[in-house]
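Dear colleague,

Please find below the structure that I am handing over to you. My notes on what was found in it follow directly after.

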Amino acid sequence: MAKNKGVAPRLAEALGIILGVDEIPLRLHAWDGSEAGPAGGPVIEFRSRRWLRRMLWCPNQLGLSRAYVAGDIDGPGDLFESFSALSSVGKFAELKAFRPPTPGERWKLLRTAVRVGALGLPPAPPPEEMNVSKKGRLHSKKRDAAAVSHHYDVGNDFYALVLGPSMVYSCAVWEDERTGLDAAQEAKLDLVCRKLGLREGMRVLDVGCGWGSFALHAAQNYGVDVVGVTLSKEQAASARERADAVGLSDRIEIRVQDYRDIDDSPFDAISSIGMAEHVGREQIGHYALKLHGLLRPGGRLLNHAISWNAGEMPPDPDSFIPRYVFPDGEMLSLTIMMGALESAGLEVLDVEALRRHYGLTLRAWVRNLEENWDEAVRLTSEGRARVWRLYMASSALGFERGLNGVTQVLVQRPGGEEPPLRRDY
């Protein structure tokens, strides 16, 4: 019984207020050795009084995220188990913006902070946090470049640990749960090539080309010439090095360029894999029109993008993912995406949902990160590694619960050759 006389029961009450539940589904271990919560539940460690101080000033998802990234709290066991427990109760289960505490709840939090010695000025956010709104107008070229750099210019060696040899940062295509990550990523790249109907001598544009994996696969296996564009200087440097290493520099051109500035059309085919999430709702119509204009008549576009499946919910720029992972990113519904493509004059040929595939992909990335944790911390920072663990584990559960989807939409610019009567891939 001695363990229940420390600070843990008070912390459990405070966490219940923040989550909007009477009883928390987690086992809390506090810095003084005390414990609270259901025996056998997923364990959360409270390492510092600073956690409660953060929650006094920011009693929402962002405050919790800051505490985890800073190391004030930790999930030493299976993070998926802890997130599953959290996502089934309170404000997480409601899928709404966190309701701020009532005056009475704030008083209880303040009283608890006094009792555990947590009063003080708001702790500084972890250095891994970014407020991209200071970088200019939403989706201006300057601000988009800053947002992309924040996410992708973490270091190519760090991404290699997480993504594995394929260096593909988008949903893989799995034959079944036993398929290895690299094989699943190669299957995805080849599926995109087949959907686009690539043939030797074609000129292909890869929008948001990442580290050049699609460009390499398409040039090596289909004999096409590829122009890849990215806003990340680190990605571009790596993609060029990879193309040079296999003797394909004459077939693959990698540019640091905004897709809105491409002016050397036409292209026979366009791939956009995991890039449309950066475009935003206000710009998605312009995006579709721009890609339509870059295609030759009869040319195909494959748009591979995450979708939001949980109904209308306005983006919250002060939540975890916009501040730490994808500044200004927006997950649009499939309805909005297809409407933009069709309004731009593109004909829909095929739609394929890959939601379950992304859950498998993210779990594989989490395993890679956890198995290489010390090296990941050395290459970046402990906070950055924590950002990625939190982001990928919570995202995996979002796909598995059906809150998010990922869909490949194949479209064709009318004119030129007719589409096939049935799928030809």
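Trp 51, in this predicted model, has contacts with Leu 11, Ala 14, Leu 15, Ile 18, Phe 46, Leu 64, Ala 67, Asp 72 and Ile 73, when neighbours within four places in sequence are left aside. Trp 51 also belongs to the largest nonpolar core, which has 77 residues. Within that core, the members that touch the most others are Leu 15, Leu 28, Trp 51, Tyr 169, Trp 365, Trp 388 and Met 392. Helix α17 (residues 382–400) supplies the largest share of this core, with nine residues. A further core lies apart from it and holds 28 residues, including Ala 276, Leu 332, Ala 340 and Val 411. As a general background to both, nonpolar side chains in soluble globular proteins tend to be buried together.

Leu 332 deserves a separate word. This residue sits in the loop between α13 (320–324) and α14 (334–343). Is Leu 332 buried or exposed? Its relative accessible area is 6%, so Leu 332 counts as buried, the cut-off being under 20%. Beyond four places in sequence, the contacts of Leu 332 are Gly 280, Arg 281, Ile 284, Ile 306, Ser 307, Trp 308 and Met 337. Between Leu 332 and Gly 405 there are 10.0 Å in space, C-alpha to C-alpha, although the two are 73 residues apart in sequence.

I turn next to individual helices. Helix α4 (residues 79–87) is largely enclosed by the rest of the structure, because seven of its nine residues are buried. The buried residues of α4 are Leu 79, Phe 80, Ser 82, Phe 83, Ala 85, Leu 86 and Ser 87. At the start of this helix, a side-chain oxygen of Asp 78 comes to within 2.9 Å of the backbone nitrogen of Phe 80. In helix α8 (residues 156–163), the residues Phe 158, Tyr 159, Leu 161, Val 162 and Leu 163 are buried.

Helix α6 (residues 103–116) contains Trp 107. Trp 107 has a relative accessible area of 53% and is therefore exposed, the cut-off being over 50%. Together with Leu 110, Val 114 and Leu 119, Trp 107 makes a nonpolar surface patch of about 400 Å².

The charged residues form the next topic. How many salt bridges does the structure hold? There are 26 salt bridges in the structure. In one of them, the side chains of Arg 66 and Glu 129 meet at 2.8 Å, N to O. This pair links distant parts of the chain, 63 residues apart: Arg 66 is in helix α3 (residues 61–70), and Glu 129 is in the loop between α6 and α7 (141–152). Arg 66 and Glu 129 are both buried.

Asp 264 and Arg 203 form another salt bridge, with their closest N and O atoms 2.8 Å apart. Here too distant parts of the chain are linked, 61 residues apart: Asp 264 lies in the loop between β7 (252–256) and β8 (267–273), and Arg 203 in strand β5 (residues 203–207). Asp 264 is partly exposed, at a relative accessible area of 22%, and Arg 203 is likewise partly exposed, at 26%.

A salt bridge also joins Asp 268 and Arg 296, whose closest N and O atoms are 2.8 Å apart. Asp 268 is in strand β8 and Arg 296 in strand β9 (residues 295–308), so this pair ties together parts that are 28 residues apart in sequence. Arg 296 is buried, with a relative accessible area of 18%. Finally among the salt bridges, Glu 45, Arg 47, Asp 74, Glu 382 and Arg 386 are joined into one network by bridges that share partners.

Lys 195 is buried, with a relative accessible area of 0%. The side chain of Lys 195 makes a polar contact of 2.7 Å with the side chain of Glu 352. With neighbours within four places in sequence left aside, Lys 195 is in contact with Arg 300, Leu 302, Asp 350, Glu 352, Gln 408, Leu 410 and Tyr 425.

With kind regards

Notes
Residues numbered from 1 in each chain as written. Predicted model: local features only at pLDDT ≥ 70, side-chain atom pairs only at ≥ 80, totals over all residues. Heavy atoms only, no water. Buried < 20%, exposed > 50% of the residue type's maximum accessible area, 1.4 Å probe, protein only. Helix = DSSP H or I, 4+ residues; strand = E, 2+ residues; numbered from the N terminus. Patch = residues over 30% accessible without salt bridge, like charges linked within 9 Å, V, L, I, M, F, W, Y side chains within 5 Å. Areas by Shrake-Rupley, 256 points an atom, 1.4 Å probe, with all protein chains shown as cover. Salt bridge = Lys/Arg side-chain N within 4 Å of Asp/Glu carboxyl O. Core = buried A, V, L, I, M, F, W, Y, C linked by side-chain atoms within 4.5 Å. Contact = heavy atoms within 4.5 Å. Polar contact = N/O pair within 3.5 Å; in protein donor to acceptor, adjacent residues only side chain to side chain.
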